[in-house]
Structures are given as structure tokens and as C-alpha cells.
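Please read these notes with the model open beside you. They are in numbered points, and each one takes up a single part of the chain.

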Amino acid sequence: RIGTAALAVQVVGSNWPKPHYTLLVTGLCRFQILQLLKEKPYPVAEVEQLDRLEQFTNQHKSEEELGELSEQFYKYAVQLVEMLDMSVPAVAKLRRLLDNLPREALPDILTSIIRTSNQEKLQILDAVRLEERFKMTIPLLVRQIEGLKLLQKTRKPKQDDDKRVVAIRPNRRINHIPSTTEDEEEEEDHDDVVMLEKKIRTSSMSEQALKVCLKEIKRLKKMPQSMPEYALTRNYLELMVELPWNKSTKDRLEIRAARILLDNDHYAMEKLKKRVLEYLAVRQLKNNLKGPILCFVGPPGVGKTSVGRSIAKTLGREFHRIALGGVCDQSDIRGHRRTYVGSMPGRIINGLKTVGVNNPVFLLDEVDKLGKSLQGDPAAALLEVLDPEQNHSFTDHYLNVAFDLSQVLFIATANTTATIPPALLDRMEIIQVPGYTQEEKIEIAHRHLIPKQLEQHGLTPQQIQIPQVTTLDIITRYTREAGVRSLDRKLGAICRAVAVKVAEGQHKETKPDRAEVGEGEEHVTEDAKTESISDTADLALPPEMPILIDFHALKDILGPPMYEMEVSERLSQPGVAIGLAWTPLGGEIMFVEASRMDGEGQLTLTGQLGDVMKESAHLAISWLRSNAKRYQLTNASGSFDLLDNTDIHLHFPAGAVTKDGPSAGVTIVTCLASLFSGRLVCSDVAMTGEITLRGLVLPVGGIKDKVLAAHRAGLKRIIIPRRNEKDLEEIAVNIRQDLTFVMASCLDEVLNAAFDGGFAVKPRVERLNSKL
Ligand code: ADP
């Protein structure tokens with residue numbers, strides 16, 4: 001029950017990756033516990049100080065009594081210290097301390113320095129009387145001296161080691177708090193290190209890695225545990241042992257099963273599934289395929305990630321998703337060097353550690369959203385990871401040895417290829433995953449999303465019924481997206497609302513008496529019950545199963561419809577045309593508006609346009625000016641010079657979104673033609689295409705997404721560049737049947753199709769100028 005009172009001087013350590021703290025304390029004096037006051041959360045006791053600090057300085061009496069003992073002790077201490085290497089600063093300091101410190105303090109200090117067991121240290125601590133303390137410590141000193149002598153005799157040339165062992169012990173008055181478990185802990189740690197070494201030797205790591213690890217473990221053994229580096233090195237070695245150097249799962253690949261699995265998990269997306277099957281088939285035939293890296297590009301919520309997961313499932317491989325969105329530091333991919341505080345391996349190595357095999361499917365999500373910063377370019381780091389020629393020796397900065405990534409199957413996803421660095425793009429095979437049509441969405445909802453949501457909410461088809469018309473309503477009036485994520489959320493909201501009803505109904509059924517007593521007076525009309533499921537009136541009775549989600553219920557749960565068809569009303573005056581735009585979120589319809597006013601021939605463009613789009617606007621105006629006579633286009637005062645005393649303002653709505661690209665060219669021409677001719681553009685026509693100064697219409701990208709957007713918006717006629725005709729084949733037949741496509745190769749054709757009754761061209765009068 002005797003302990004040392006101490007003052008905490010310093011606490012160092014961190015919680016990461018494992019809690020490891022070092023406490024630096026200064027011992028003050030002995031004390032004895034008189035009474036334990038409480039034990040939790042930490043012990044509090046009444047104590048009595050046992051040795052007084054001042055007694056060293058002003059008790060001359062004790063010196064006389066103990067003179068002989070202390071003299072003897074001092075001699076031994078000096079003998080011991082002199083056997084050590086005086087060139088070590090710590091030893092020299094110790095020698096000085098022996099002379100400077102009061103003799104009474106020496107037993108305590110030397111006991112903590114020389115090699116003693118914990119038990120022995122405790123005994124010295126328990127010896128409150130000085131005389132006893134001296135008597136007990138002298139044999140320990142002698143033992144150490146004898147031990148050293150013996151060692152010096154047997155290992156003359158290598159005596160340094162033993163000196164070091166003594167020298168690195170703490171040599172000041174600062175002692176560790178003696179704890180009964182210290183020795184055990186030390187031993188345990190030592191055992192751990194031995195275990196670690198064993199693990200390293202038995203692990204299947206590469207020769208190079210083994211060499212590094214053995215070197216590190218040698219260092220670790222010599223390192224005091226209190227050094228921060230100890231924890232670092234140990235973590236490093238533990239990671240090295242845990243990494244799946246040679247562990248892999250066996251591929252079970254059967255193309256027929258893969259096809260069934262893909263079809264079962266995903267509706268539609270034929271092109272993607274076809275390409276994935278090809279890829280898997282080649283893998284089946286040639287096992288160590290250094291194949292291309294697939295990159296699925298498409299709007300959010302079209303199932304890119306879930307196809308990746310399905311591929312892992314068909315192959316029987318582990319799946320790991322690495323989200324790259326916003327990563328702007330290359331050490332995220334490649335790890336930090338171990339010299340940094342808090343250094344850690346990159347995401348690739350971390351992922352391998354998580355899955356525990358060296359041939360998982362890694363899904364690199366959102367490669368188009370990689371950032372760039374002062375800390376290097378993560379895309380450049382990815383280049384090495386994705387290059388089949390290089391990635392068999394991928395070197396993470398933290399590991400500092402090569403790891404073979406060639407067995408890993410990488411799949412990337414992105415919303416657009418525009419922001420993927422070209423070098424990275426070059427290493428991947430792009431597979432476009434366009435958005436879904438309404439019909440496809442309905443099928444996906446009924447085959448996959450609704451069953452999944454029901455299961456998640458603990459509902460059964462006997463409790464809720466969502467007819468196809470309702471799904472269509474949700475798709476057209478509550479969501480506007482290319483994928484199905486928002487639809488999925490809305491279905492989730494419906495399920496939650498129904499779950500409340502069902503749970504309430506069950507509650508009522510179990511306690512029928514109470515419900516009747518409390519709410520018996522309420523009269524519930526049949527109509528109220530069917531009209532609204534959230535109507536409080538029908539709470540008294542359990543709702544009729546299955547709860548039918550009709551239009552009214554939809555309005556109750558999701559609120560009033562968010563989107564309405566607005567096309568026709570916006571085309572009620574000249575100077576408006578509908579364009580088709582492609583965005584990373586899928587296709588969109590876009591109203592282009594123009595107006596003119598008195599001015600000096602200036603063109604104002606608003607709506608956050610990029611340079612390409614601004615150029616398109618200038619092109620359009622120039623073309624119209626040069627063809628004004630032909631089309632009988634005039635400015636407000638009737639002049640064929642369209643910009644004479646006139647300013648033009650062109651606006652692209654959704655002004656907060658940056659827009660760029662050449663495909664709005666034809667729309668701008670149509671919109672301005674309408675403005676200058678005073679005629680209305682047909683309200684059911686949408687268009688896309690790049691223009692040239694000579695009036696040609698050039699092909700553009702993203703036709704499928706654009707057509708789907710036009711179809712979603714209820715438009716009927718679509719003008720596309722003639723050279724984009726081939727892209728129409730990708731579009732489902734039922735959609736093509738709903739729409740009329742006009743192929744245009746020059747602006748004349750566009751204008752003719754865009755206006756009811758065509759856009760008249762004034763026939764050129766061929767005048768023969770005779771020189772006769
Ligand atoms: P992305 O990665 O393209 O943004 P996700 O893969 O996360 O999208 O898909 C969102 C959700 O939509 C998932 O729950 C997925 O199951 C579902 N989903 C998307 N497309 C389909 C499809 N064709 N068939 C079945 N479910 C689909």
C-alpha cells in the first residue's frame with residue numbers, strides 16, 4: 001500500500017492508429033494509503049506522506065548514523081558507473097549526479113536505473129526507513145557489478161551492448177510510475193514482437209518486402225517503446241503482414257450464369273450488359289487477361305455502381321468501392337511517406353487490406369470528379385494503378401515496396417468524360433450508359449425498386465399496391481431525371497407513409513376496445529376512406545388492405561406535383577425556340593429566348609454561357625444577317641440590316657448553370673429567325689445541331705439522352721443533324737414511334753421544319769447581265 005506521489009510533466013501520444021500514450025512524471029515522495037475513498041471512475045484515497053523531502057537537507061543526524069552504509073553504497077555506485085562507457089553523455093551525467101545528489105536519494109534513483117525486477121523495485125519502495133533501503137539496494141548493486149564483470153570477461157570485444165542497456169535507462173530523478181503490470185506488459189510486448197516476426201516469416205510476402213520487414217523488426221526490437229516511432233513501425237509491420245500478398249479468391253465464371261444474373265439484377269441497359277458479357281467471356285477463355293479497364297459513363301442513378309457490384313458477384317470476387325469524388329491529393333491514392341506524422345497507406349492498399357484478397361473488383365467511383373491541388377495530381381497517380389503494363393509493381397509511398405495489382409479488376413464510373421484527364425481516359429474503355437425512357441423506368445420500378453423498398457420497410461404486396469399509372473405519375477410529375485434514384489426515393493417516401501398506416505392498423509387490431517371507447521363517436525364516410533390515406537378521420541378503423549396508392553394518395557404523401565408540362569405556354573410569342581442540351585445528369589430541354597430593342601447593334605448574352613456557346617450565337621447572327629434578304633428578315637424599322645439601330649438580347653434559362661457546347665447553334669438561329677420574322681416556332685419541335693458560317697448543320701453528341709429528354713417533355717418533332725441519323729438506332733422502337741425526326745444537313749431545312757408551313761425562301765431571280 002505504499003506508492004510514489006508524482007507530478008505529471010508531459011503526456012505524449014495519439015489515438016491513431018491505436019491508442020498509445022507515454023506519460024512523463026516526476027516522482028516526489030513516498031506515500032501510504034490510509035483509506036480508499038472511492039474507486040470509480042478513478043481511485044481517490046486519503047494518504048500520508050512517508051518521507052519528507054526536507055529531511056535530506058537538514059537531518060544531519062541521519063548522516064552520522066547511516067554514514068557507513070551510505071559510504072559503502074556510494075562506493076559501489078561509483079564502481080558500477082565507472083564500468084560503463086563514460087563517453088555516453090547520459091553516463092557522464094549520472095556520474096556527476098552521484099556526487100551532487102544527497103546520498104539519501106541514491107538508493108531510489110539507482111534502483112530505477114539498474115537492472116531489477118519489478119518485484120525488487122517494489123521492495124525498495126516499501127522500505128520506508130533509509131537504513132533498510134540502503135541495505136536492500138546494496139546487494140542489487142553488487143549483483144549488477146558482478147554481472148557486468150562477467151560479461152566483460154566473456155564478451156570483451158562486444159561490451160558496448162551491455163553498456164547501452166544500462167545507459168538507455170532513464171537516468172534522472174524522473175522515474176516511471178511503478179506498476180505491477182509493467183513487467184508483464186513489457187514481456188507481453190516483447191512476445192508480440194516475436195509473434196510479429198514469426199508472422200512476417202511465415203507470410204507469403206514478396207522477397208523484397210520480406211527483406212524490408214526483417215530489417216524493420218530488427219530496428220523495432222532495439223527501440224524503446226516510448227518512442228513515437230515504435231508505434232509507427234509496428235503499425236507498418238502489422239499492415240505488411242495483413243496485406244493479401246498471395247491470397248486470392250477463385251474465379252467462378254460461367255457466362256450463362258453471368259447473363260442470367262445480370263438480367264435478373266438489371267432491367268434494360270442492353271448495350272452495357274452486352275459489353276460486360278463480352279468482357280467476362282474473354283476472361284473465361286483467357287485467364288490472365290490484361291484487359292481494358294471498363295469505365296461506365298452516364299447520368300447519376302442509372303445503375304453504374306450496381307452493375308459493378310453485379311460483376312463482382314458473377315465472378316465470385318470481393319467488391320470494394322473507392323469513392324474518388326473530390327480527392328485532390330495524390331497521397332490519397334498512393335499513401336504518405338512514413339516520415340510524416342499520421343502517415344498512412346493510400347486507398348488502393350487500404351482497400352486491399354479491407355477485402356483481404358489480391359484479386360477483388362475495385363470500383364473507382366466518380367473518376368471525373370478528381371480534383372487537383374498543390375499536393376499533386378491524383379489522376380497521375382491513378383495512371384500507374386490502371387496501366388496493366390505497370391501495375392504489377394505498384395509502389396505505395398507508405399509501403400515503399402512494390403505490390404502486385406495486376407490481379408485486381410478495376411471498373412471506373414463517371415458522369416461525363418469531359419473532365420477526365422485525357423491520359424486517364426486513354427487507359428479506359430468508355431461504355432456509355434444513357435438514361436432510361438419512361439417505359440423502362442416503370443419496368444425498373446416494378447421489377448426492382450418497389451420490391452426492394454417493400455422489403456426494406458417490412459411491407460408485403462398484400463399491404464400496399466402501386467399501380468403502373470401511379471408510377472408513371474411519379475415519374476412524370478414528381479421527378480425529372482435520367483436515372484431512377486429520385487424515383488427510388490419517392491417510392492421510399494410512399495412506403496414510409498404506408499408503413500405508418502399499417503402499423504397503426506395493427507395497433508388498433510390488438511387493442512380494439514380502446515379504439516372504440518376513444519374514437520367511437522367519429523363517423524367515417526366511405527368516401528373519406530378511399531380518398532385519402534392520411535385523412536385523420538379514418539384512423540378509427542384499420543385501413544383496408546391492400547392500401548391502394550392512387551392519384552389522391554400520391555398528392556397526400558408527396559405533396560402537389562413538382563413538374564408540369566410547360567412547353568406550349570412558353571412558345572406563345574416570337575423569339576422562343578426549344579433546344580436540346582446534354583448535361584452530366586442526362587438530357588434536358590432548353591428554352592432559348594431572344595428579344596430586340598432599340599440600340600446600336602449590340603448582342604447581349606445571358607445564362608452563364610461558355611466561349612463555344614457565345615461563338616455559336618455570333619455565328620447565328622452573322623448567318624442570319626447575310627441571309628436576311630433571302631428570308632425577308634427585317635429589323636423593327638423594316639431594314640434588311642438586322643442590327644441597324646437594334647440591340648439583341650439572347651437568354652438561356654436556368655441562368656445559374658454554366659452551359660457550353662456547340663449544339664445550341666440551330667436553336668439560336670431558329671429563335672432569332674422567329675424574332676426577326678415575327679412568326680411563332682412550332683410548339684412541339686425541339687432541335688439540336690452545330691452550325692457553320694455557311695449554314696451547314698454538323699453532328700453533335702448525346703443524341704440518345706437528348707431524344708429521351710424531348711420525349712419526357714412531351715415534344716413530338718425533333719430536328720437533328722443528318723449525320724446523327726445513325727445514333728437513332730440506339731433508341732427504343734416505341735420511343736421512335738412516338739416522335740418524328742427531321743434530318744437536317746443545312747439551316748434551310750431546319751427553318752423549314754421548325755415553322756408551321758415552312759419558312760419561305762424568296763426565290764432568287766437569276767439575272768443575266770449581258771455585256772453586249
Ligand atoms: P449510379 O452509380 O449510376 O449513380 P446506382 O448504381 O447507385 O447509380 O443506382 C441507383 C439505384 O438504381 C440502385 O439501387 C440500382 O439498383 C437502381 N437501378 C438503376 N438502374 C437499374 C436497372 N436497370 N435495373 C434495376 N435497378 C436499377
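1. Start at Gln35, which stands opposite Glu46 in S3. Lys38 stands opposite Val44 in S3. Strand S2 (residues 20-38) and S3 pair in the antiparallel sense over six bridges. Two strands count as paired if DSSP finds at least two bridges between them. S2 and S3 form a hairpin, with five residues between them.

2. A word on the source. This is a predicted model: local features need pLDDT of at least 70, side-chain atom pairs count only at pLDDT 80 or more, and totals for chains, interfaces and linings use all residues. Residues are numbered from 1 along each chain as its sequence is written, and side-chain values use heavy atoms, with hydrogens and water left out.

3. Now the sheet around that hairpin. Three strands form an open sheet in the order S1-S2-S3, and the pairing is antiparallel. Strand S1 (2-14) and strand S3 (44-49) are the edge strands: each pairs on one side only. From one strand to the next, the twist averages 60 degrees. In a regular strand, side chains alternate between the two faces of the sheet.

4. Which helix lies across S1 and S2? Helix H5 (residues 118-126) does, running at about 130 degrees to S1. Axes are lines fitted to C-alpha atoms, for helices over the stretch in contact (heavy atoms within 4.5 Å). Angles run from 0 to 180 degrees between N-to-C directions.

5. Turn to the ligand. Of the 17 residues around the ligand, Tyr267, Gly301, Lys304, Thr305 and Arg485 come nearest. A residue belongs to this group if one of its heavy atoms lies within 4 Å.

6. Check the polar contacts (pairs of N or O atoms within 3.5 Å). An oxygen atom of the ligand is 2.8 Å from an N or O atom in the side chain of Lys304. Another entry has a polar backbone atom of Gly303 at 3.2 Å from an oxygen atom of the ligand. For Lys452, a polar side-chain atom lies 3.1 Å from an oxygen atom of the ligand. The protein covers 87% of the 560 Å² of accessible area that the ligand has on its own. Such areas come from the Shrake-Rupley method with a 1.4 Å probe. Helix H13 (304-315) and H18 are the elements that give two or more residues to the shell around the ligand.

7. Is Gln463 buried or exposed? Gln463 is buried, with a relative accessible area of 15%. Buried means under 20% relative accessible area, exposed over 50%, and partly exposed in between (1.4 Å probe, protein chains only). Gln463 sits in the loop between helix H18 (438-456) and strand S11 (464-465). Not counting residues up to four places away in sequence, Gln463 touches Gly458, Val498, Val502, Gln506, Met545, Pro546 and Ile547.

8. Next, strand S21 (residues 740-744). Four of its five residues are buried. Strand S20 (residues 717-721) pairs with S21 in the parallel sense over five bridges. Ile718 has Phe741 in S21 as its bridge partner.

9. Last, the whole chain. There are 30 helices and 21 strands. These are DSSP runs numbered from the N terminus: helices are H or I, at least four residues, and strands are E, at least two. Buried residues make up 44% of the 772 residues. Among contacts between residues at least 6 apart in sequence, 72% join residues at least 24 apart. The chain exposes about 40800 Å², and carbon and sulfur atoms supply 52% of it.

Note on methods. Polar contact = N/O pair within 3.5 Å; in protein donor to acceptor, adjacent residues only side chain to side chain.
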